[in-house]
Amino acid sequence: MLAGLDKPILPTVINGGAPCQEVVIDRHIDITRFPIPTYSPKDGGPYITAGIVVSKDPETGIPDIGHYRFLILGKDTFSFSAQPNHRFGKNLAKCQKMGVTPKAALIIGVDPILAYTCQVQVSDTTNDWEVAGGLRGAPVELTRCTTSDLHVPATSEVVIELEVDLDTTVLEGPLGEYTGYYTRPSQKPVARITAITHRKRPIFQGLLTGKPITENHILKQVPFEASFFRTLKKQFPTIKQVSVRASAGVSFYVVIAMAPRYAGEARQVILAAMASNIRPKWTVIVDPDIDVHSSTEVEWAMAFRVQPQRDVIVIENTPAGPSDPSVDLSRDRTLRISSTIGIDATRPFGEPFYDVADVPGWQDFSMPELDN
């Protein structure tokens with residue numbers, strides 16, 4: 001993934017004959033004909049969870065792709081949840097300010113690389129199709145939508161073209177989300193379907209979500225780790241490994257292995273991680289001899305290389321992670337403020353420390369099987 005991120009490739013455009021437009025439905029639209037499940041018992045209704053939203057910045061025209069959940073309301077309407085700090089949310093806000101009706105497309109059943117691309121942490125000026133091309137090692141083939149000037153992957157199984165009514169909201173939710181808890185219902189915009197196109201025998205994908213770990217968490221973990229490592233490595237070259245924990249909903253808990261070059265550098269990395277797009281609630285820094293993907297080794301370092309009064313910092317009044325159920329919303333449901341903790345679990349810099357004790361070769365021997 002790191003190699004692909006460094007070599008973006010421009011997309012190509014197919015004019016006519018795209019597989020995703022073998023069937024075009026622009027009248028008598030009925031999204032309920034597709035197998036859209038209600039996942040958790042208390043969900044607010046059937047949800048499209050694997051859909052990737054294609055939108056563009058109304059000022060610059062730069063395209064964006066991202067995963068967003070869609071609640072089915074009727075045959076041609078649904079609601080959705082888009083955080084204001086995400087690019088789709090920003091595009092909607094710009095459209096509202098400009099007095100433009102937002103248009104988007106929901107693509108389902110695509111090259112899995114596109115799903116990974118959605119989670120790569122990049123700037124708002126990045127063309128996501130170019131990022132996907134770099135990860136694929138080949139251009140993404142696009143075709144124009146039938147009711148808007150947006151372009152979508154030509155090989156998609158299903159494309160749902162839509163426009164958003166920002167003046168109308170409905171109660172959206174709850175949904176058993178990636179945190180393992182139901183989100184609370186809240187007012188969200190309504191979207192109207194303008195057309196559905198698909199292959200003659202389309203595969204309609206669903207994406208399991210809920211308590212970690214599911215496929216949803218691994219889908220986010222891989223690109224999060226790659227882009228997070230890439231960003232931090234430029235500023236702190238002695239970083240060796242990064243683990244963005246799937247078990248903690250991906251963005252809430254990160255472990256970073258590095259060899260500090262000077263006193264206090266581990267704390268600098270903690271602060272840089274806190275300020276990143278991932279916004280982890282927990283950041284742990286360990287020495288390079290610790291496998292960041294092993295909970296056993298990380299906990300060992302935290303137990304025996306940390307003095308809490310010296311090595312733990314807590315920063316208050318930071319933006320909360322998406323859907324964090326521990327955030328207090330009793331006073332203002334729009335004010336999502338949290339705190340974040342950093343733990344320096346590296347050996348004290350420039351000071352002597354105990355040698356690691358181990359019995360060489362013990363792993364070569366195993367206990368004999370016991371008969372029942």
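**Exercise 1. Find how many helices and strands the protein has.**

Solution. The protein has 8 helices and 17 strands. Both are DSSP runs numbered from the N terminus: helices are H or I with at least four residues, strands are E with at least two. This is a predicted model, where local features need pLDDT of at least 70, side-chain atom pairs count only at pLDDT 80 or more, and totals for chains, interfaces and linings use all residues. Residues are numbered from 1 along each chain as its sequence is written, and side-chain values use heavy atoms, leaving out hydrogens and water.

**Exercise 2. List what Asp-311 is in contact with, leaving aside neighbours within four places in sequence.**

Solution. Contact means heavy atoms within 4.5 Å. With those neighbours set aside, the partners of Asp-311 are Arg-305, Val-306, Gly-342, Ile-343 and Asp-344. Now widen the view to contacts between residues at least 6 apart in sequence: 70% join residues at least 24 apart.

**Exercise 3. Compare the radius of gyration with that of a compact globule.**

Solution. The radius is taken over C-alpha atoms; the globule rule is 2.2 Å times the number of residues to the power 0.38. For 372 residues, the rule gives a value near 21 Å. The protein has 23 Å, which agrees. Its C-alpha trace spans about 75 × 55 × 50 Å along the principal axes.
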